[in-house]
Amino acid sequence: IAGEAEILTLAVDPVARRNGVGRGLVETAAALASQGGADSLFLEVAHDNVAALALYASAGFERVGLRKGYYASGADAVVMRRALNT
């Protein structure tokens, strides 16, 4: 949809976690989306992925929805949005 971008998959090797790699990926995605004209960046994350939820919240994402049973495991997905170009 015009004006929106989405992070579909983001993963960091366990050995490299907690070193800013994830934040760097998120910020790069946000910058590229913004340069491409997007006003919003969306993603979905498992409701029980505490580390990822904390990362995204600290990167300016807000919870905007919940998808019940979204993942094959039956876990819910939290839909998050970050405003861009504001």
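What is the volume of the largest pocket? In this predicted model, the figure comes out at about 650 Å³. A set of 26 residues lines the largest pocket, and those lying nearest its centre are Leu10, Gly22, Ala51, Ala52 and Leu55. Three elements each put at least two residues into this lining, namely helix 1 (21-35), strand 2 (40-46) and helix 2 (50-58). Helix 2 gives the most, with 6 residues.

The largest nonpolar core has 16 residues, and the members that touch the most others are Leu41, Leu43, Val45, Tyr56, Phe61, Met80 and Leu84. Helix 1, strand 2, helix 2 and strand 4 each bring at least two residues to this core. Val45 is a handy place to look around from: setting aside neighbours within four places in sequence, Val45 is in contact with Ala52, Leu53, Tyr56, Tyr71, Asp76, Ala77, Val78 and Met80. Two of these partners, Tyr56 and Met80, are themselves on the list of core members that touch the most others.

Arg82 sits in strand 4 (residues 77-83), and it counts as buried because its relative accessibility, 15%, falls under the 20% cut-off. The side chain of Arg82 makes a polar contact of 3.1 Å with that of Glu27. Not counting residues up to four places away in sequence, Arg82 touches Val26, Glu27, Ala30, Asp39, Ser40, Leu41, Ala59, Gly60 and Phe61. Among these, Leu41 and Phe61 belong to the largest nonpolar core.

Asp76 is found in the loop between strand 3 (62-67) and strand 4. A polar atom of the Asp76 side chain lies 2.8 Å from the backbone nitrogen of Gly69. Beyond its neighbours within four places in sequence, Asp76 is in contact with Val45, Ala46, His47, Leu66, Arg67, Lys68, Gly69, Tyr70 and Tyr71.

Val15 is exposed because its relative accessible area of 73% is over the 50% cut-off. From Val15 to Ala72 there are 57 residues in sequence and 26 Å in space, taken C-alpha to C-alpha.

Notes
Residues numbered from 1 in each chain as written. Predicted model: local features only at pLDDT ≥ 70, side-chain atom pairs only at ≥ 80, totals over all residues. Heavy atoms only, no water. 1 Å grid on protein atoms, 1.4 Å probe; cavity = no way out; pocket = protein on both sides within 12 Å on 5 of 7 lines; lining within 4 Å. Points joined across faces, edges and corners; volume = space filled by probe spheres on them. Helix = DSSP H or I, 4+ residues; strand = E, 2+ residues; numbered from the N terminus. Buried < 20%, exposed > 50% of the residue type's maximum accessible area, 1.4 Å probe, protein only. Polar contact = N/O pair within 3.5 Å; in protein donor to acceptor, adjacent residues only side chain to side chain. Contact = heavy atoms within 4.5 Å. Core = buried A, V, L, I, M, F, W, Y, C linked by side-chain atoms within 4.5 Å.
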